[in-house]
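Let's take a look at the pockets in this protein and at what lines them. Here is the model, followed by a short tour.

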Amino acid sequence: MMNKPTGNQPAIETNEPFLTLDIAQMALDSANVGIWILHATSWNFLPSTRTKALFGFLPEEEMSFDDALLKVDDKHRRAVLAAVEKAIKQHSNLYVECPVISPTEKKNRWLSITGGFSTSDLTNSYFSGIVVDITEQKQNDLRRSKFIGMVSHELKTPLTALKAYVQMLNNWAKKQKDSFTIGALSKVEKQVKKMLNMINSLLNLSGAEAGKIHLNKQEFDMDELIREVIDETLFITSSHNITIAPGDRVRVNADRDKIEQVMVNLLSNAAKYSGKEEPIEVACTKEENTLTVSIHDQGMGISPDDIEKLFLPHYRAETRETEKIAGFGIGLYLCSEIIHRHKGKIWVESEPGHGSTFKFTLPIN
Ligand code: ADP
């Protein structure tokens, strides 16, 4: 009879590296996980049979790195190559999700590819990792995001009407000089605006996840939009001192509502992640064909590790300070999707304890 493993004792003991590899291979095969090894300088590629199958190759077929890349959907190919090159160059970890074209199935198959260097000198020139089929998870995500889109769309219409009536009532109460009603309606208006901001974020999230952020471009004054958003933010948070640096009057051709959403997210984050009395400065500058907006706060700042991931969906920096602050971790993801759709850039300069400056650019012409 076999002895049951106890405590720290491993279930299978072996000093044979090949046996260990076989066991690892068996475990990966039964979990439907493909493995691959890529030589970091020659780019020689060694895929397992499961990896080949996931990319649509037969076990006996050759599959080079380029062959695999050609199977990646056109829209994602460049991003996958850039992610692999960056991970190899910087010795960092790789995580990409991409659809691959499947000749046998009606729909593309979604794969997640994870990789990294091992730490030993011997294996340092080898970049290796796993491939997993995440099609089902992606379909569930899509269903969830369609549902979120539908619900938020339905909620937006009555809430917009409510906001208009509250504003009308507030104007009427001001004429009557009824201070109690004015105070109460201002509070209602604040809450309605907060809810509308959340609903707009959810609507944009469902669009972004479905790869559909539609832009309704129009010409508008950027500094006018910034002033409007500052007034809105002050109305909702009322505790911060927000200033705008004097600058040029810049007209842009962009989706005003979406850029407003970006400004609302960045300004409300600056207020959320800094102390109540700490100042927030906004600046808008123009250089040749590019407009740059920066939002600087003197708050808690962000660590370099978190900076890398801040613009990913649902990512929140987990520190003792941030755990008390509510949020979904979708604001910055949406900002980056919206700015990239406009062919602009977005980034942050920050140090823990020394505040943060979020910046984005938009092409002017
Ligand atoms: P949320 O604020 O809802 O968590 P966001 O996507 O807007 O989601 O932000 C992601 C994370 O980035 C936040 O959880 C926070 O940790 C960090 N962050 C964003 N803006 C700032 C800022 N101005 N200062 C410090 N940390 C920030």
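## What the largest pocket is made of

This is a predicted model, so treat the pockets below as computed from it. Sort the lining of the largest pocket by class and you get 19 nonpolar, 13 polar and 17 charged residues.

## Size and centre of the largest pocket

The largest pocket holds about 2,800 Å³ of space. Its lining runs to 49 residues, and the ones closest to the centre are His 76, Glu 97, Leu 312, Tyr 333 and Glu 337.

Two or more lining residues come from each of α6, α7 (222–237), α8 (256–272), α10 and β12 (356–363).

Which element gives the largest share of this lining? That's α8, with six residues. By class, the lining of the second largest pocket splits into 18 nonpolar, 18 polar and eight charged residues.

## Where the domains come in

The second largest pocket takes lining residues from two domains: domain 2 (139–209) and domain 3 (218–363) each provide at least three.

Definitions and conventions: Residues numbered from 1 in each chain as written. Predicted model: local features only at pLDDT ≥ 70, side-chain atom pairs only at ≥ 80, totals over all residues. Heavy atoms only, no water. 1 Å grid on protein atoms, 1.4 Å probe; cavity = no way out; pocket = protein on both sides within 12 Å on 5 of 7 lines; lining within 4 Å. Points joined across faces, edges and corners; volume = space filled by probe spheres on them. Nonpolar A, V, L, I, M, F, W, Y, C, P; charged D, E, K, R; others polar. Helix = DSSP H or I, 4+ residues; strand = E, 2+ residues; numbered from the N terminus. Domains from an automatic or database assignment.
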